[in-house]
Amino acid sequence: MKAANKPATPPAPTWPLDIYKVFKQIGIRQIAYVPDAGHTQLLKRCHADKNMRAVSLTTEEEGVAMLAGSWLGGDRGALLMQSSGVGNCINMFGTIRECRFPLLTLVTMRGEWGEFNPWQLPMGQSTPAALENAGLVVQRVDDRAMVGETVFAAATMAFQTNRAVAVLIGQRIVGFKDWSK
Amino acid sequence: MAQTKKSNLDRRVAVKAILAERGDALVVTGLGSSSYDVGTMDHPNTYYLWGGMGGAAMIGVGLAIAQPKRRVLVITGDGEMLMGLGSLATIGAEKIRNLSIVVLDNELYSETGMQPTHTSRGVDLAGVARATGFAVADTTSTLPELKSWIPRLYSTPGPLFLDVKVNANRYPLSIRLRDGAHIKNRFRESLLGSKAFD
């Protein structure tokens, strides 16, 4: 096959790198995560960074507790998860709120734009309300060019005001899930 | 199977012996009786949980990563640990060297009416910890045995897990420190000094 006939591959999106740059700028040292396809590139970078410790969790609420501990010890951290993980965190968010721990969490959304899996809709659709009910400030981004700036703004609020802030990264940014892979 | 004869060890005797040798260790307690026990020997570098059941061990993880030169000791109960079993897998996989977990295991949910926990029916917490990759994991039920463990809690490369079988003695709530933000801020100020406000 001639090279010209190969199907075009879209260039890798740059927004994961934008998040990584913000992490470095604000001094994030601990990453707690349950993997999501949308965070693949970012997680690779965090794992490769000798000044960061990226910890894979069995369930997202572990990450909420871990980041409380990181703050107690003087480290800034971030929790990466998919929207389906938000429900797993609710009771642990109570500890964050009672103690006024700062918390930065980046939630990649499912169950909204172009979702094909009906089982993703119940948690995906209730994610913003669930977070707000648990006392988090919720900030949403749907434009790839705005991801870095939004995460920076959320991190500033979280660490300067001792509040929990969630950035919802719209499913439109992450893109359709390709089930051929 | 961890279930053996009932232990005669009193939880407060056990906690007093453990904390007497804490040195500069950082302590995290699980909600309920464990917080009350540890509260009898209050210290600014103790972070007490009054909620967040199942989270004590993972708070220990974040703290241990942030403070690699300090030993972090999590003291919690069997019910609290059972709610966070997955965190044992995370700790085993991450091999957190400066983390020790002590479970005060009375095989009961003391706060809610003394209902039996799974450890009363043979679930072996130290066995779980061992299977997830803890460097050291064991069960003890007597004071002399516990005393021989105490120096190791603060020095042996971890992650270390010690299930301390205790009797069903209950004590009146003795700790008055309840405000979460205060407990957090006191801990950070004591540990980090002026950097606590950066």
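**The cavity and its surroundings**

Modeller: There is one cavity of 30 Å³ or more in the structure. A cavity is a set of points, on a 1 Å grid over the protein atoms alone, where a 1.4 Å probe fits but cannot get out; its lining residues have an atom within 4 Å of a point. The model is predicted: local features need pLDDT of at least 70 and side-chain atom pairs count only at pLDDT 80 or more, while totals for chains, interfaces and linings use all residues. Residues are numbered from 1 along each chain as its sequence is written, chains are lettered from A and ligands numbered from 1 in the order in which they are written, and side-chain values use heavy atoms, with hydrogens and water left out.

The largest cavity holds about 40 Å³ of space, where grid points are joined across faces, edges and corners and the volume is the space filled by probe spheres set on the points. Its lining consists of A:L67, A:S70, A:W71, A:D75, A:R76, A:G77, A:P102, A:L103, A:L104 and A:F159. Six of these residues are nonpolar, two polar and two charged; here Ala, Val, Leu, Ile, Met, Phe, Trp, Tyr, Cys and Pro count as nonpolar, Asp, Glu, Lys and Arg as charged, and the others, Gly among them, as polar. At least two lining residues come from each of α3 (60–72), β3 (76–82) and β4 (103–108) of chain A. Such helices (H or I, at least four residues) and strands (E, at least two) are DSSP runs, numbered from the N terminus. With three residues, α3(A) supplies the largest share of the lining.

The interface of the two chains comes next. Here 26 residues of chain A are in contact (heavy atoms within 4.5 Å) with 30 residues of chain B. Between them the chains bury about 2,200 Å², 59% of it on carbon and sulfur atoms; buried area is the accessible area (1.4 Å probe) that two parts lose on being put together, summed over both. One salt bridge is found across this interface, a salt bridge being a side-chain nitrogen of Lys or Arg within 4 Å of a carboxyl oxygen of Asp or Glu. A:R53 forms a salt bridge with B:E94, and their closest N and O atoms are 3.0 Å apart. On the side of chain A that touches chain B, β2 (53–56), α3 and α4 (90–99) each supply at least two residues. The most come from α3(A), with eight residues. By class, that side has eleven nonpolar, ten polar and five charged residues.

Over all chains, the structure holds 15 salt bridges. In one salt bridge, the side chains of A:E112 and A:R140 meet at 2.9 Å, N to O. A:E112 lies in the loop between β4 and α5 (121–133) of chain A and A:R140 in strand β5 (residues 137–141) of chain A, so this pair ties together parts that are 28 residues apart in sequence.

Definitions and conventions. On a 1 Å grid over the protein atoms alone, a cavity is a set of points where a 1.4 Å probe fits but cannot get out, and a pocket is an open set with protein on both sides within 12 Å along at least five of seven lines; lining residues have an atom within 4 Å of a point.
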